[in-house]
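Here is a short briefing to read alongside the model.

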Amino acid sequence: MVNELVLTNVEDNIAYLTLNSPEQLNVLSEQMMNTLLSYLGEIEQNPDVRCVVIKANGRAYCAGHNLAELSTQDCNQESRKNDLKQLFELCSSLMIKLKQIPQPVIAQVQGVAVAAGCQLVASCDLAIAGHGAKFGVNGVNIGLFCSTPMVALTRNVPRKVAFELLCTGKIIDSQTAHNIGLVNKVVPDNELAENVKEMALTIASKLTEVVKIGKEAFYEQANMTLENAYQFAGDVMVTNLENQNTIEGINAFLEKRAPIWDKQK
């Protein structure tokens with residue numbers, strides 16, 4: 001399936017979504033966000049997809065929002081305010097959808113990922129970056145604080161580090177992004193696709209229904225108090241242990257044999 005802005009294909013139970021607006025540095029225009037949301041909605045319902053990779057064509061991963069769409073010049077103020085609100089609601093829906101779909105999502109980052117592009121990386125469950133990748137929430141440099149990217153950033157990196165990046169607008173390299181926890185791994189640029197595929201295949205090899213349970217629980221417990229999180233996680237473990245494939249996996253381990261899984265759900 002091919003779209004002007006997003007290329008898609010499924011291989012080895014992995015769905016690849018490729019941002020395909022390299023001449024515009026793959027900005028998150030309204031059309032780009034709607035297209036991504038549409039594909040994620042399809043993927044969410046596809047049991048054959050066990051992992052998702054979001055990558056990009058060109059020299060940039062994603063340079064943030066389309067600034068032309070954010071301009072308020074020569075527009076009716078109230079009408080424009082509503083348009084902008086809807087645009088940011090759309091962006092929020094996209095970032096939330098990345099967390100809501102049952103499949104883990106990996107960002108395959110090359111080039112720059114700044115402002116809402118950095119938000120996109122932070123909103124993916126996992127991220128692998130090439131050595132040449134660069135990151136930032138640099139809207140403050142043009143007088144626009146990256147308030148919506150801030151939401152994802154502060155849920156990925158230490159707060160003081162996040163606030164420094166937001167206030168200074170500085171760009172960090174891939175190793176710094178790894179050091180602060182924004183990306184999982186940094187690899188040579190020419191080995192990026194290979195490393196992402198290796199991680200995606202590993203995830204895709206696990207029990208789909210168990211990864212789904214785990215992803216949902218991971219984000220649910222993160223917003224709870226310690227006591228409530230443990231109570232909730234214990235209930236999830238009980239539910240997981242009732243899964244027939246889990247029962248088979250435990251029995252196989254105890255009997256020192258390979259498990260015989262039922263068909264993946």
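A nonpolar core is a set of buried Ala, Val, Leu, Ile, Met, Phe, Trp, Tyr and Cys residues joined through side-chain atoms within 4.5 Å. Buried means under 20% relative accessible area, with a 1.4 Å probe and protein chains only. This is a predicted model, where local features need pLDDT of at least 70, side-chain atom pairs count only at pLDDT 80 or more, and totals for chains, interfaces and linings use all residues. Residues are numbered from 1 along each chain as its sequence is written, and side-chain values use heavy atoms, leaving out hydrogens and water.

**Cores**
- The largest nonpolar core has 57 residues, and Ile54, Tyr61, Phe135 and Leu182 touch the most other members.
- Another core lies apart from it, with 12 residues, among them Ile14, Ile128, Val196 and Ile203.

**Helix 3**
- Helices (H or I, at least four residues) and strands (E, at least two) are DSSP runs, numbered from the N terminus.
- Helix 3 covers residues 77-100, and its end C-alpha atoms are 34 Å apart.
- Its buried residues include Arg80, Leu84, Cys91 and Lys97.
- Among the elements covering these buried residues are helix 1 (30-44), strand 5 (105-109) and helix 9 (208-222), through contact (heavy atoms within 4.5 Å).

- Six strands form an open sheet in the order 1-2-3-5-7-10, with mixed pairing; two strands pair if DSSP finds at least two bridges between them.
- Strand 1 (6-11) and strand 10 (185-187) each have a single partner strand, so one side of each lacks a neighbour in the sheet.
- Strand 3 and strand 5 pair in the parallel sense over three bridges, and Val53 stands opposite Ile106 in strand 5.

How values were computed. Buried < 20%, exposed > 50% of the residue type's maximum accessible area, 1.4 Å probe, protein only. Expected span 1.5 Å × (residues − 1).
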